[in-house]
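Hello,

Here is the structure for you to take over. Please have a look, then read my notes below.

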Number of protein chains: 2
Amino acid sequence: MIQLSINKAAFLNALRITKQAIGSKVAIPALSKLKIVVSNEGISLTGSNGQISIENFLPASDKDASMLISGTGSILVEASFFDSVVAQMPDVTLELKEIDNHQIIVTSGKSEITLNGLDAEVYPRIQEISKENPLKIKAGQLKEIFSETVFAVSTQESRPIFTGVHLMLTDNKSLKAVATDSHRMSQRIVELENMTEDFDVVIPAKSINSFRNVFNNDDEEINLFIAHNQVLFQNENISFYSRLIEGNYPETDRLIPQVSDYTLSLTFDVSELRHVMDRARLLANATSNGTVKLTVSGDSVVTTANSPEVGSVHEDMTVLAKEGADIAISFNPQYLIDALKVLKSPEVQIRFISNVRPFTLQPSIETNDFVQLVTPVRTN
Amino acid sequence: MIQLSINKAAFLNALRITKQAIGSKVAIPALSKLKIVVSNEGISLTGSNGQISIENFLPASDKDASMLISGTGSILVEASFFDSVVAQMPDVTLELKEIDNHQIIVTSGKSEITLNGLDAEVYPRIQEISKENPLKIKAGQLKEIFSETVFAVSTQESRPIFTGVHLMLTDNKSLKAVATDSHRMSQRIVELENMTEDFDVVIPAKSINSFRNVFNNDDEEINLFIAHNQVLFQNENISFYSRLIEGNYPETDRLIPQVSDYTLSLTFDVSELRHVMDRARLLANATSNGTVKLTVSGDSVVTTANSPEVGSVHEDMTVLAKEGADIAISFNPQYLIDALKVLKSPEVQIRFISNVRPFTLQPSIETNDFVQLVTPVRTN
């Protein structure tokens with residue numbers, strides 16, 4: 001039966017990673033539990049919400065953990081409750097001791113808390129994934145690709161395929177992420193150093209948001225394994241499983257305009273454009289269609305929004321470069337703000353075709369690494 | 001008509017004080033508005049939610065405001081919207097210019113926002129209060145008295161009188177604040193330096209919470225004026241009005257035990273006792289009556305809580321001093337935690353009469369300046 005002592009802070013850190021997978025509202029009661037497995041090699045902490053599952057291994061050799069294992073075994077405990085108990089223990093060290101009837105005693109200083117657990121055998125098994133030929137990528141790079149696209153997914157469950165990020169490997173080394181909600185689209189491509197087998201999957205946005213909270217070290221390498229209905233991200237100690245969204249993601253390459261289509265190119269300072277849109281949005285939110293109008297006429301570039309009830313805004317804008325024809329185009333400023341938020345470059349190039357065709361944002365038009373599209377709104 | 005230029009940050013600070021009185025959900029449409037009155041002496045900003053009203057005056061002489069007034073007048077604007085617009089203006093300075101039809105143009109840098117306003121005449125008038133013979137007290141001292149009591153008010157609207165803090169002046173200089181929800185009570189008394197006319201009022205807890213956000217300088221002196229149905233707290237530039245709760249507050253002095261009644265006195269370290277109760281509460285929350293049990297038996301002082309479903313807690317406690325008979329008493333740990341939170345002293349003295357009578361907490365039993373009561377729960 002389980003018996004060990006461990007540094008509280010190290011144990012809590014490990015718990016908090018696994019907790020990312022454990023929801024408060026779960027259909028299957030066992031999924032509100034944390035599975036603790038203690039072997040002579042260390043402690044494994046497993047949690048799942050049915051969509052994602054995390055197995056986090058804290059090795060006995062971890063110096064920060066000051067682990068002393070004198071009994072091995074496994075148990076299920078109520079996850080959120082166990083976490084609160086551990087967090088509030090008074091001493092730097094705590095002891096865990098399993099007793100009969102699947103109970104576990106947590107002791108620290110003069111405090112002793114006995115918790116009712118369950119037989120670990122009732123916990124659902126995580127489906128195995130073949131651990132062959134992984135895609136290898138730095139955690140920081142994967143997080144960057146995800147954050148540059150995931151904001152553009154649809155939140156409407158009526159078309160589930162669009163609630164995920166489309167992740168593809170082509171030519172064995174070109175990794176492409178795409179997300180769209182049909183009003184805007186974001187596409188990011190990176191060329192990897194190692195060759196891997198091509199794949200084509202759609203990862204739920206919720207899994208991607210959890211992923212970012214689980215892998216904290218941007219410099220470490222992640223192994224990515226794909227099975228027919230799930231994906232596994234793995235580092236030395238953490239295995240992060242997510243279900244995939246089933247179905248075929250529509251073809252999106254054809255949505256990106258040809259260079260010859262563009263009639264106007266504007267270069268803006270990202271931060272300044274963002275502030276203009278923040279102000280314009282205040283007024284746009286009070287209008288019936290929620291749009292702002294960008295009017296380019298000769299040297300004048302102006303953003304306006306007009307609400308008969310609330311008032312109007314008029315912003316003379318500074319463009320860093322301009323090339324092409326005049327335009328007057330209306331759009332939802334929130335889509336432009338979201339697009340600007342994920343740009344790390346100080347400048348952005350925005351190219352237009354007409355006032356009824358999507359316009360594109362790129363940090364630089366030298367490459368097509370990162371392209372975003374925003375669809376205008378037709379107004380009278 | 002209004003025309004002025006002003007430092008954005010200074011104007012925003014003044015706005016945010018007045019905004020404390022303006023609710024998002026208001027029965028009277030005019031109360032979602034901010035009233036701006038510009039005279040040659042400065043800008044007055046007034047807001048109200050019907051319960052509290054704040055008039056904040058920003059004098060033209062204020063150096064931080066760099067105010068330049070070239071036109072006077074008054075207008076009503078949508079409060080939350082106006083605040084957002086001002087906050088997002090690009091430059092350090094902004095200009096306000098009233099035009100026809102109660103519109104106001106806010107200009108800053110290359111940004112120009114026109115807002116629809118209303119005639120200031122439609123704004124409800126704040127009832128005058130006679131400005132004679134105020135009670136004078138430091139803002140910090142008043143905030144302290146309020147925070148030491150307001151947490152103990154009732155949140156149940158069925159007995160409105162208990163949703164406020166009972167504030168009394170007796171003997172022209174003894175200020176007493178009392179709050180109770182019938183499960184616990186907190187009473188704080190301070191002796192003032194100046195003599196003032198006695199009063200006896202009940203101030204809504206919500207007003208007290210807003211008060212704490214409005215008067216930021218603890219060292220400044222506040223004048224407190226009482227009328228039959230409202231109270232006014234005033235410093236040099238801010239007038240903070242609150243309605244009073246009508247009715248007679250029940251007599252509470254008789255609830256505080258006589259010294260001769262006590263059978264047991266325990267002295268604890270406040271922080272340690274708080275942590276013990278935080279842990280015990282985790283288990284208590286999972287029990288049917290939500291209580292913990294404190295058992296004093298000879299030299300042993302132990303807190304326990306037991307939930308058949310979840311588990312149990314056992315805490316051996318350190319007492320700094322102990323005098324009196326054994327006891328086993330059950331209570332809601334949240335009440336003790338709330339009481340400990342407002343203590344600034346490192347130690348607390350808790351005195352008991354029996355397991356069915358309220359126990360008292362005091363930072364020191366030398367004086368009765370600050371006494372808190374917690375009622376036990378009868379268990380089988």
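Start with chain B. Asn7(B) caps the N-terminal end of α1(B). The cap is a side-chain oxygen of Asn7(B), 3.0 Å from the backbone nitrogen of Ala9(B). Bear in mind that this is a predicted model.

Several of its residues are buried, among them Phe11(B), Leu12(B), Leu15(B) and Ile17(B). Lys8(B) and Thr18(B) are on the buried list too. As a reminder, residues three or four places apart in an α-helix point the same way, because there are 3.6 residues a turn.

Next, a strand. β10 of chain B spans residues 135-138. Leu135(B) and Ile137(B) make up its covered face. Lys136(B) and Lys138(B) make up the uncovered one. In a regular strand, side chains alternate between the two faces of the sheet. The partner of β10(B) is β15(B), residues 221-226. The two pair in the antiparallel sense, over four bridges. Within that pairing, Lys136(B) stands opposite Asn223(B).

Two asparagines in chain B deserve a check of their backbone angles. Asn133(B) has a positive phi of about 50 degrees, though it is not a glycine. Asn133(B) sits in the loop between β9 and β10 of chain B. Asn172(B) also has a positive phi, about 65 degrees, and is not a glycine either. Its loop runs between β11 and β12 of chain B.

Now chain A. The domain assignment gives domain 1 (3-122), domain 2 (135-253) and domain 3 (256-374). The C-alpha centres of domains 1 and 2 of chain A lie 30 Å apart. Eleven residues of domain 1 are in contact with twelve of domain 2.

UniProt, in an unreviewed entry, places "domain: DNA polymerase III beta sliding clamp central" at residues 137-251 of chain A. That span is 17% helix and 41% strand. Its end C-alpha atoms lie 25 Å apart.

Why is Ser210(A) counted as buried? Its relative accessibility is 12%, and the cut-off for buried is under 20%. Leaving out residues up to four places away in sequence, Ser210(A) touches Gln20(A), Ile52(A) and Phe240(A).

Best wishes

Notes:
Residues are numbered from 1 along each chain as its sequence is written. Chains are lettered from A and ligands numbered from 1 in the order in which they are written. This is a predicted model: local features need pLDDT of at least 70, side-chain atom pairs count only at pLDDT 80 or more; totals for chains, interfaces and linings use all residues. Side-chain values use heavy atoms; hydrogens and water are left out. UniProt positions are given in the numbering used here, feature names are shortened, and annotations may be inferred rather than shown by experiment. Buried means under 20% relative accessible area, exposed over 50%, partly exposed in between (1.4 Å probe, protein chains only). A polar contact is a pair of N or O atoms within 3.5 Å; within protein, one must be able to donate a hydrogen and the other to accept it, and residues adjacent in sequence count only if both atoms are side-chain atoms. Contact means heavy atoms within 4.5 Å. Two strands pair if DSSP finds at least two bridges between them. Domain bounds come from an automatic or database domain assignment.
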